[in-house]
Amino acid sequence: MTVDSHAVDAATESVDIALGADSELDRINLAQALKDFEIANRRVLDLTHRLATANRELMQARSELGQLQARYGAIARYVEVLSRSSLFPILKAIARRTRLVKQ
Amino acid sequence: MSARRARVLLAITVYNGRDFVPAAIESATRVSSADHDIDVLVLDDHSPEPRWSEELAALCARLGVRYYRTPRNLGIPRNVNLGLLAAIEGGYTHVLIANSDVLFPANLVSALVDCADADERIGSVTALSNNVSVYSLPNEDPDTHLGNQEIVDWVSHTLNAHFGTRVFDAPAGISFSILIPVRAIDEVGLMDPVYGRGYCEETDWSLRSLELGFRCTVAPGVFVYHAGRGSNEAAGLVKPGETSVSINEAIVDLRYPNFRRDLAPWLASGMIESVHAEALRAIGRAAAAELGYQIDVAHIGSMLESDSPTVVVAPATGGDAVLRYRGFEVPVPVAGDAAPDVAQSIIDFCGGAPSGVNLLDRGPHSQRLADAFGVATHAPRASYPARV
């Protein structure tokens, strides 16, 4: 006896397709899947927009931080130079006495 | 009973679960339709277990249950949505979304519909269970003691006789077994697919329903056995030993930043403990009245598993008594320390005298307690003291 392999495949496939088939639920499932897909796309667009905005704000904040760090570095270096000058102890003593006189 | 005859779609979501799903579906077909029309719909989320979907389809055909296998795996939220949409499109008045690792009681639909229809502001009613998040009714070993259709029917019937249509307002519903009137779906909408394969989607839905003025409730008069995490752990949805999905919890926290803050006072109010105590008392009293009971005068109680109610009373002071039945532990209030007072308190609580007294541990009051009950005493000899 010979077996028609194509017939077997077709039968198996038809069982698989028929399994749990329900045209009404298929219609509901498909309609909702399309809505979910559309909403998912909108969410991706919305999230991308918000990510871009957040990224721009992050870049701006980083830039401001960099500028502030540069200014702080310059000021710190200036204070360092002043504190190493020979006049600094005299100026410090004057400042202390001035504070005492005010009190 | 609800004035109108409701049309209820009982939608059971399935993903694998060869070991437990058949019992859940058979249980669903036994739910009483005396008061309302019920259709059962099994939503197979493209289970990958070899040949399982074929078996499930055959089982559903044999039981006369509608079966649908989605062409692709959807995840729990979207599979649940299929059930909600099928209810809307099919002209049903209510939809009951349920997991597949459950046993339903016969009074499931009649009791839940009665609760939902008692107030039009009710947007959802979750059944009580041994495993329903923070609302879980305590039980020592639910799988051993409660995973049985007959006992589920009995517990639910007993609780319904006590609580009737009473519900309590809850912070969120649990979709292991939740009844939603279709009018609520019309306003609140569907589960959000953002929760991917599932977990927390019903919390999100509940919070949306609360924002719209609906009540989110739990019915202590309906008991559904829930094995819990049936197929989700095996499918890798939750990690072993975990009960939720952290990324989904993060979404809830993002959307509802006050949810956890608002939950704390509700949990601390003691309301759920009070409902549990009431439920346990109802179960204990009904079991003792219907099945009779025995007394164990013992520090710990018998190690032997028993299907009969047993009151364990301490032999030393006679001050503590607890009724044990199928894993439920019900404290029995005892007035006074004297043996006759203790005995009378137990008899009053149980609605009659015990059928026997077992002296398992010796103590100052043990014989006096046995005498006070006025029944024959069995005195199995203990090999050694039960207490450490």
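## Where the two chains meet

Two residues are in contact when they have heavy atoms within 4.5 Å of each other. Keep that in mind as you look at this predicted model. By that rule, 21 residues of chain B are in contact with 13 residues of chain A. Together the two chains bury about 1500 Å² between them, and 54% of that area lies on carbon and sulfur atoms. On the chain B side, the residues that lose the most area to chain A are B:Arg66, B:Tyr68 and B:Glu89. These three together make up 33% of what chain B's side buries.

How many salt bridges does the rule find across the interface of chain B and chain A? There are 4. You can look for a salt bridge between B:Arg66 and A:Asp22, where the closest N and O atoms are 2.7 Å apart. So B:Arg66 and A:Asp22 meet the cut-off, which asks for a side-chain nitrogen of Lys or Arg within 4 Å of a carboxyl oxygen of Asp or Glu.

## A nonpolar patch on chain A

Now turn to the surface of chain A. Here A:Leu87, A:Ile90, A:Leu91 and A:Ile94 form a nonpolar patch, and their accessible area together is about 400 Å².

Let's pick out one member, A:Leu91, which is found in helix α3, residues 88-102 of chain A. Is A:Leu91 buried or exposed? A:Leu91 counts as exposed because its relative accessibility is 52%, and exposed means over 50%.

## Parallel strands in chain B

Next, find strand β10 of chain B, residues 294-297. Strand β10 pairs in the parallel sense with strand β11 (residues 310-313) of chain B, over 4 bridges. At B:Val297, the bridge partner in β11(B) is B:Val313.

Strand β10(B) is also joined by 4 bridges to strand β14 of chain B, residues 356-359, and these two run parallel. Here B:Gln294 has B:Gly356 of β14(B) as its bridge partner. While you trace the strands, here is a handy general point: in a regular strand, side chains alternate between the two faces of the sheet.

## Positive phi angles in two loops

Finally, visit two loops of chain B. B:Arg51 sits in the loop between β2 (37-44) and α2 (52-63) of chain B. Its phi is near 65°, a positive value in a residue other than glycine. B:Arg51 is exposed, with a relative accessible area of 57%.

Where is B:Ser133 found? Look in the loop between β6 (122-129) and α5 (142-145) of chain B. B:Ser133 is not a glycine, yet its phi is positive, at about 55°.

Methods. Residues are numbered from 1 along each chain as its sequence is written. Chains are lettered from A and ligands numbered from 1 in the order in which they are written. This is a predicted model: local features need pLDDT of at least 70, side-chain atom pairs count only at pLDDT 80 or more; totals for chains, interfaces and linings use all residues. Side-chain values use heavy atoms; hydrogens and water are left out. Patches are made of residues with over 30% relative accessible area and no salt bridge: like charges are joined within 9 Å, nonpolar side chains (Val, Leu, Ile, Met, Phe, Trp, Tyr) within 5 Å. Accessible areas come from the Shrake-Rupley method with a 1.4 Å probe; for residues, only the protein chains shown count as cover. Buried means under 20% relative accessible area, exposed over 50%, partly exposed in between (1.4 Å probe, protein chains only). Two strands pair if DSSP finds at least two bridges between them. Buried area is the accessible area (1.4 Å probe) that two parts lose on being put together, summed over both.
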